[in-house]
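Please walk through this structure with me, one site at a time.

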Amino acid sequence: MSAEPGRAPDRHVLILGGTTEARRLAVELAAAGTRAGAAADGAHAGSAPDAGTARRGPAERVRVTTSLAGRVAAPVLPPGETRIGGFGGPAGLAAWISAHQVTHLVDATHPFAERMSFNAAEAAALSGVPLLALRRPGWTPEPGDAWTYADSLADAAELLPALGTRAFLTTGRTGLHGFAHLTETWFLVRSVDPPPDFVRGDPQASPVPPRLEVLLARGPFTLADERELLARHRIDVLVTKDSGGTATSPKLTAAREAGIPVLVVRRPAVPQGVVEAESVAAALHWLRYDHAH
Ligand code: NAP
């Protein structure tokens with residue numbers, strides 16, 4: 001972001017975050033603002049600015065705000081401004097957009113953050129700001145993979161007992177209650193913070209599987225990490241969401257190498273009519289050209 005006291009930004013991009021792509025987009029927008037600001041400052045000082053900047057005149061001011069849900073206790077904060085916590089549904093988000101003169105909305109939430117993506121679509125329609133959904137591509141199986149697809153976490157819980165008895169459950173620390181009835185399966189769950197419902201004896205807590213071990217750790221994890229983890233815990237089935245991101249994931253490679261079946265939960269549908277980009281570069285292109293003022 002390039003900020004100049006007294007001059008309002010030309011654009012205010014609100015990124016709905018919580019993903020690596022959201023953070024990378026904020027980094028790119030902040031860096032672009034800094035470069036544009038430096039080039040414009042150079043022009044004022046009489047040095048030779050690059051021809052493109054000179055033709056375009058004064059640099060465009062871009063304000064960037066990333067919004068986080070507040071699920072992680074100590075999140076890695078991106079550059080630019082940040083705000084944390086829900087907006088209070090689509091109407092609350094639309095009100096925030098209008099109160100903060102947001103000009104562009106980028107839904108860069110996780111592909112499984114279904115509610116927020118629908119809220120974003122509704123809020124964009126209410127407030128009239130252009131919306132882009134930044135969705136990294138999903139994973140595709142490679143030779144040697146033994147994948148079974150599930151349509152939902154509930155479906156995964158139905159299919160799991162036929163595939164193994166020692167499960168590495170990487171579908172997130174929320175939603176464990178969906179597996180709580182599987183008394184014969186031993187579960188390993190890895191998460192940054194403890195599962196919210198992992199407070200044994202708390203009458204308010206949702207049930208969790210009775211045979212459960214929680215491993216607190218923050219990625220990224222290497223292939224060596226994943227191989228070691230699968231072997232140490234004698235894992236015989238991996239459960240994952242089709243989160244995507246990188247071309248593949250070390251846990252998927254480790255499972256393939258070890259001949260372990262993988263239960264892949266399919267992504268929920270995206271709201272109809274929303275423009276999608278699969279990469280940060282494509283999102284930057286959309287911000288720069290498709291909706292230039
Ligand atoms: P969700 O079910 O789609 O959203 C539930 C509520 O959380 C929303 O209605 C909204 O509250 C609030 N919310 C979600 N994302 C927000 C954001 N970026 N900024 C402000 N409020 C937000 O979301 P979720 O699946 O719980 O995911 C929560 C966050 O974790 C997201 O930012 C997502 O990117 C990240 N994440 C999710 C997953 C996953 O597997 N679901 C995995 C990794 C990271 P209001 O209605 O009050 O605005």
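A polar backbone atom of Glu 114 sits 3.4 Å from an oxygen atom of the ligand. Taken alone, the ligand exposes 810 Å², and the protein buries 78% of that. Two elements give two or more residues to the shell around the ligand: strand 2 (62-68) and helix 4 (114-127). Helix 4 gives the most, with four residues.

Now look at other polar atoms by the ligand. The backbone of Gly 88 places a polar atom 2.8 Å from an oxygen atom of the ligand. Arg 71 uses its side chain: a polar atom there lies 2.9 Å from an oxygen atom of the ligand.

Which residues come nearest to the ligand? They are Gly 17, Ser 67, Phe 87, Gly 88 and Lys 241, out of 22 residues around the ligand. By type, the shell around the ligand divides into seven nonpolar, ten polar and five charged residues.

**A cavity**

Next comes empty space. A probe the size of a water molecule, rolled over the atoms, shows where such space is left. In this predicted model, the structure holds one cavity of 30 Å³ or more. The space in the largest cavity is about 40 Å³.

Which residues line the largest cavity? Thr 19 and Glu 21 are among them. Ala 108, Thr 109, His 110 and Pro 111 also belong to the lining. Leu 134, Arg 135 and Arg 136 complete the list. The lining of the largest cavity divides into three nonpolar, three polar and three charged residues.

Turn to strand 8 (residues 186-191), where Arg 190 has its place. Is Arg 190 buried or exposed? Its relative accessible area is 16%, so Arg 190 is buried, since buried means under 20%.

From Arg 190, step across to Gly 219. The two are 29 residues apart in sequence, and their C-alpha atoms are 9.8 Å apart in space. Gly 219 is found in the loop between strand 9 (212-216) and helix 6 (223-232). Its relative accessibility is 36%, so Gly 219 counts as partly exposed.

What kind of peptide bond joins Gly 219 and Pro 220? The bond is cis, with omega at about 5°.

**Two positive phi values**

Two loop residues remain. Gln 101 lies in the loop between helix 3 (89-99) and strand 4 (104-107). Its phi is near 50°, a positive value in a residue other than glycine. Gln 101 has 58% relative accessibility, so Gln 101 counts as exposed.

Arg 234 lies in the loop between helix 6 and strand 10 (237-241). Here too phi is positive, near 50°, in a residue other than glycine. Why does Arg 234 count as exposed? Because its relative accessibility is 57%, and exposed means over 50%.

Key. Residues are numbered from 1 along each chain as its sequence is written. This is a predicted model: local features need pLDDT of at least 70, side-chain atom pairs count only at pLDDT 80 or more; totals for chains, interfaces and linings use all residues. Side-chain values use heavy atoms; hydrogens and water are left out. On a 1 Å grid over the protein atoms alone, a cavity is a set of points where a 1.4 Å probe fits but cannot get out, and a pocket is an open set with protein on both sides within 12 Å along at least five of seven lines; lining residues have an atom within 4 Å of a point. Grid points are joined across faces, edges and corners, and a volume is the space filled by probe spheres set on the points. Ala, Val, Leu, Ile, Met, Phe, Trp, Tyr, Cys and Pro count as nonpolar, Asp, Glu, Lys and Arg as charged, and the others, Gly among them, as polar. A residue is near a molecule or strand if one of its heavy atoms lies within 4 Å of it. A polar contact is a pair of N or O atoms within 3.5 Å; within protein, one must be able to donate a hydrogen and the other to accept it, and residues adjacent in sequence count only if both atoms are side-chain atoms. Accessible areas come from the Shrake-Rupley method with a 1.4 Å probe; for residues, only the protein chains shown count as cover. Buried means under 20% relative accessible area, exposed over 50%, partly exposed in between (1.4 Å probe, protein chains only).
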